[in-house]
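Here's a quick briefing to read alongside the model. Have a look at the structure first, then work through the notes by topic.

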Amino acid sequence: MNTGKVSAMEASIALNRFGLGGRPGEVAPENPKRWLLDQLNRYEPRPPAIATAPTTAMVAQGLADYFQQLRQGRMQLFQAGGQSTTIQADAPATMQPAAMPGQRQRNPAMRSLRMEAARETRADGRGHYIDAVGARMEATMRTPAPFVERLVHFWANHFAVSADKLTVVGLAGTMEFDAIRPHVLGKFADMLMAVERHPAMLLYLDQAQSVGPDSPLGQQVANRGRRQVGLNENLAREIMELHTMGVGSGYAQADVTEFARAMTGWTVAGIGNGQAARIAGTRGEPGEFVFAARIHEPGARTILGKRYDQQGVAQANAVLADLATHPATAKHVATKLARHFAGDTPPAPLVAKLERAFLSSGGDLPTVYRALIDAPESWAAGAPKFRTPWEWSVSTMRALGAQSVDGQAMTGLLNQLGQPVWRPGSPAGYDDIAASWAGPDALMRRVEAAERIASQIRGDVDPRARAAQLFPDALSDATAQAISRAESPAQGLALMLVSPEMLRR
């Protein structure tokens with residue numbers, strides 16, 4: 001076997017399968033495994049593009065202002081004799097919908113105020129969203145650690161929120177920046193805790209609405225003769241089903257319900273009708289995680305056969321800590337990582353190696369990543385993964401040497417390609433298999449995008465030389481010939497962007 005050939009092929013795998021694609025002038029790594037491992041020391045949690053992006057606190061303050069505007073408008077209407085103070089259509093997250101169930105806002109003036117305030121707030125949130133999309137793409141283009149950036153994107157999809165709700169549209173990007181990026185090279189348990197406490201997750205899965213029926217507030221509402229407040233199981237269910245153990249891993253509905261009871265009281269300060277801090281008995285800046293003792297369901301819990309006697313916030317913390325290192329969690333995470341890097345049907349030996357690394361290290365993620373890099377199954381010849389629209393867009397920008405990006409343009413591109421950033425529409429995130437992205441219509445959209453992007457490239461770019469550099473020892477004769485026969489450099493670049501080498505990794 002030609003050692004040089006093997007080295008070149010592995011360099012291409014490192015650049016494209018593990019990384020985000022090559023860049024003009026970038027030298028192919030002579031020692032691909034060492035190149036990947038070194039990135040664990042070069043990763044920047046807050047590169048300039050991310051450091052200047054909207055923060056969780058900034059976005060949350062805008063949402064707090066929205067609810068303050070509604071409160072002031074309602075009070076003005078009440079003082080003018082136009083509205084009852086009992087209307088709770090905009091009740092805080094910790095009170096909805098049970099504080100005043102069934103009492104919907106019918107006052108035309110208040111409805112108009114609500115609509116106008118919502119339009120302004122959604123516009124502000126969309127502005128933050130677009131800025132965050134641009135910052136994310138900018139970071140991927142300039143990163144000295146593309147392998148770790150890929151892992152950031154992997155975990156953001158694992159812990160998916162969808163920027164469709166008014167309260168989430170501006171926060172989705174900040175969850176990745178503030179809860180995932182700082183922990184991508186740490187313990188899985190730390191990332192899990194940071195994500196589940198982030199306002200984007202708490203609001204997206206309605207955890208801030210969950211009130212224990214036997215909590216002090218729940219009893220108070222019941223004693224007034226109103227409908228009993230409700231327990232919301234969304235977050236507890238998705239933590240077990242998607243974030244940790246996985247479907248069919250041995251937990252039962254009773255475990256979900258008990259976990260949901262343990263999590264009552266987990267809420268967000270300032271984002272609601274202004275009463276969240278008062279209900280919690282805790283002051284906090286808008287967007288901060290707070291524990292509201294008055295809505296926490298008292299009592300011990302038994303989950304997965306283990307009894308949890310902790311009180312207050314410590315109870316759910318203890319459950320999360322156990323879930324983070326559960327054997328089923330190790331298998332679930334190992335399977336998803338193996339699928340992401342080694343094929344839609346992940347090799348069983350690779351899954352087993354990653355699972356052992358996770359368990360032996362107590363969920364230390366760099367230990368798992370090193371096992372991934374070291375495993376021969378990760379370096380199998382060929383291109384086992386079809387690039388998602390996000391991956392293709394990133395590799396395209398890097399391949400063409402883009403120096404900066406426009407957030408609005410990137411948002412439009414990903415919308416066109418069918419994978420809007422942070423908008424999967426489901427807590428399960430986007431699919432990570434070819435069948436979801438390789439359909440005829442999806443491919444035609446990439447062809448159209450490639451032609452448009454290539455036509456905008458200025459300067460002398462030789463597509464044949466660029467393709468050879470981007471895919472060392474992995475460029476097929478058919479692709480090389482097609483590019484060489486192109487009628488223009490722009491057409492050659494477009495052909496390179498939709499070549500099998502570019503569509504797969």
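Let's start with aspartate 473, which counts as partly exposed because its relative accessibility is 34%, where buried means under 20% relative accessible area, exposed over 50% and partly exposed in between (1.4 Å probe, protein chains only). A word on the ground rules: this is a predicted model, where local features need pLDDT of at least 70, side-chain atom pairs count only at pLDDT 80 or more, and totals for chains, interfaces and linings use all residues. Residues are numbered from 1 along each chain as its sequence is written, and side-chain values use heavy atoms, with hydrogens and water left out.

**Two loop residues with positive phi**

- Aspartate 473 sits in the loop between α21 and α22, and its phi is near 60°, a positive value in a residue other than glycine.
- Leucine 304 also has a positive phi, near 55°, and isn't a glycine either.
- You'll find leucine 304 in the loop between β3 (301–303) and β4 (306–308); at 32% relative accessibility, leucine 304 counts as partly exposed.
- For background, most residues other than glycine have a negative phi.

**The chain overall**

- The protein chain has 24 helices and four strands; these are DSSP runs numbered from the N terminus, with helices being H or I of at least four residues and strands E of at least two.
- Of the 505 residues in the protein chain, 54% are buried.
- Take the contacts between residues at least 6 apart in sequence: 76% of them join residues at least 24 apart, with contact meaning heavy atoms within 4.5 Å.

- Threonine 140 belongs to helix α5 (residues 108–142), and threonine 140 is buried, with a relative accessible area of 0%.
- The threonine 140 side chain reaches the backbone oxygen of methionine 137 at 2.7 Å.
- Beyond its neighbours within four places in sequence, threonine 140 is in contact with Leu20, His153, Trp390, Val394 and Arg398.
- Histidine 128 is in helix α5 too, and counts as buried because its relative accessible area is 19%.
- Not counting residues up to four places away in sequence, histidine 128 touches Pro54, Met58, Val59 and Gly170.
- Glycine 170 lies in the loop between α6 and α7 and is buried, with a relative accessible area of 6%.
- Setting aside residues up to four places away in sequence, glycine 170 touches Val59, Gly125 and His128.
- Glycine 170 and alanine 132 are 38 residues apart along the chain, and their C-alpha atoms are separated by 8.5 Å.

**Helix pairs**

- How do α6 (residues 146–158) and α15 (residues 327–342) pack, and at what angle? The angle is about 125°, with the axes 12 Å apart; axes are lines fitted to C-alpha atoms, for helices over the stretch in contact, and angles run from 0 to 180 degrees between N-to-C directions.
- α6 and α15 are therefore oblique to each other (angles under 35 degrees count as roughly parallel, over 145 as roughly antiparallel, 65 to 115 as roughly perpendicular and the rest as oblique).
- The α6 and α15 crossing is right-handed; that label applies if the near helix is turned clockwise from the far one by less than a right angle, and left-handed if anticlockwise.
- On the α6 side, the contact is made by Phe147, Arg150, Leu151, Phe154, Trp155 and His158, and on the α15 side by His332, Val333, Lys336, Leu337, His340 and Phe341.
- That contact of α6 with α15 has seven nonpolar, three polar and two charged residues (Ala, Val, Leu, Ile, Met, Phe, Trp, Tyr, Cys and Pro count as nonpolar, Asp, Glu, Lys and Arg as charged, and the others, Gly among them, as polar).
- The axes of α18 and helix α19 (residues 407–417) come within 9 Å and cross at roughly 135°, so α18 and α19 are oblique to each other.
- In α18, Pro389, Trp390, Trp392, Ser393 and Met397 meet Met410, Leu413, Leu414 and Leu417 of α19; by class, the contact of α18 with α19 has eight nonpolar, one polar and no charged residues.

Notes
A polar contact is a pair of N or O atoms within 3.5 Å; within protein, one must be able to donate a hydrogen and the other to accept it, and residues adjacent in sequence count only if both atoms are side-chain atoms.
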